Amino acid sequence: MTKVLKLIFKDENGKDTVIVLHNPKDVDADTAKSVMQKIVDANIFEKAGLNLCATIVGAKYYETQSTPIFNAT
């Protein structure tokens, strides 16, 4: 099973921006909000002069599982 943490923001135009962290540690809501606020305050993600992480939307864990059908080797 693969686990990722998705940090979801809105850019200055109101479109979603997602930062995906693979194999994250378990964090609580306060920790996630604190880290995300630091990203917003740092204003380090920009494209064509547009702040990609202007506001916090939320954070979610996603887990995926693969089940092999066969292996040709």
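Me: Contact means heavy atoms within 4.5 Å. Leaving out residues up to four places away in sequence, which residues does Tyr62 touch?

Reply: A word on the model before we start: it is predicted, local features need pLDDT of at least 70, side-chain atom pairs count only at pLDDT 80 or more, and totals for chains, interfaces and linings use all residues. Residues are numbered from 1 along each chain as its sequence is written, and side-chain values use heavy atoms, with hydrogens and water left out. Tyr62 sits in strand S5 (residues 55–64), strands being DSSP runs of E with at least two residues and helices runs of H or I with at least four, numbered from the N terminus. Beyond its sequence neighbours up to four places away, Tyr62 touches Thr2, Lys3, Val4 and Lys6.

Me: Thanks! What pattern do the helix and strands follow along the sequence?

Reply: The protein has one helix and five strands.

Me: What is the radius of gyration of the protein?

Reply: This value is taken over C-alpha atoms, and the globule rule to compare it with is 2.2 Å times the number of residues to the power 0.38. For 73 residues the rule gives 11 Å, and the protein is well over that, so it is more spread out than a compact globule. Along the principal axes, its C-alpha atoms fill a box of roughly 50 × 30 × 15 Å. The radius of gyration itself is 16 Å.

Me: What percentage of the residues is buried?

Reply: Buried means under 20% relative accessible area, exposed means over 50%, and partly exposed lies in between (1.4 Å probe, protein chains only). Of the 73 residues in the protein, the buried share is 22%.

Me: How far is Asp11 from the nearest side chain of opposite charge?

Reply: Asp11 is found in the loop between S1 and strand S2 (16–22). For charge, Lys and Arg count as positive and Asp and Glu as negative, while His and the chain ends are not counted. A salt bridge is a side-chain nitrogen of Lys or Arg within 4 Å of a carboxyl oxygen of Asp or Glu. Asp11 is buried yet has no salt bridge, and the nearest side chain of opposite charge, Lys15, is at 6.3 Å.

Me: Which backbone nitrogen does the side chain of Asp11 reach?

Reply: A polar contact is a pair of N or O atoms within 3.5 Å; within protein, one must be able to donate a hydrogen and the other to accept it, and residues adjacent in sequence count only if both atoms are side-chain atoms. At 2.7 Å, the side chain of Asp11 reaches the backbone nitrogen of Asn13.

Me: Which side chain makes a polar contact with the side chain of Asn51?

Reply: Asn51 lies in strand S4 (residues 50–51) and counts as buried because its relative accessibility is 11%. Its side chain reaches the backbone nitrogen of Cys53 at 3.1 Å. At 3.2 Å, the side chain of Asn51 makes a polar contact with that of Asn43.

Me: Why does Asn43 count as partly exposed?

Reply: Asn43 is in the loop between H1 and strand S3 (46–47), and its phi is positive, near 50°, in a residue other than glycine. Most residues other than glycine have a negative phi. Asn43 counts as partly exposed because its relative accessibility is 37%.

Me: One last thing: how far apart in space are Lys3 and Glu63, C-alpha to C-alpha?

Reply: Lys3 is found in strand S1, and its side chain is joined to that of Asp26 by a polar contact of 2.5 Å. Lys3 and Glu63 are 60 residues apart in sequence, but their C-alpha atoms are separated in space by 4.4 Å.
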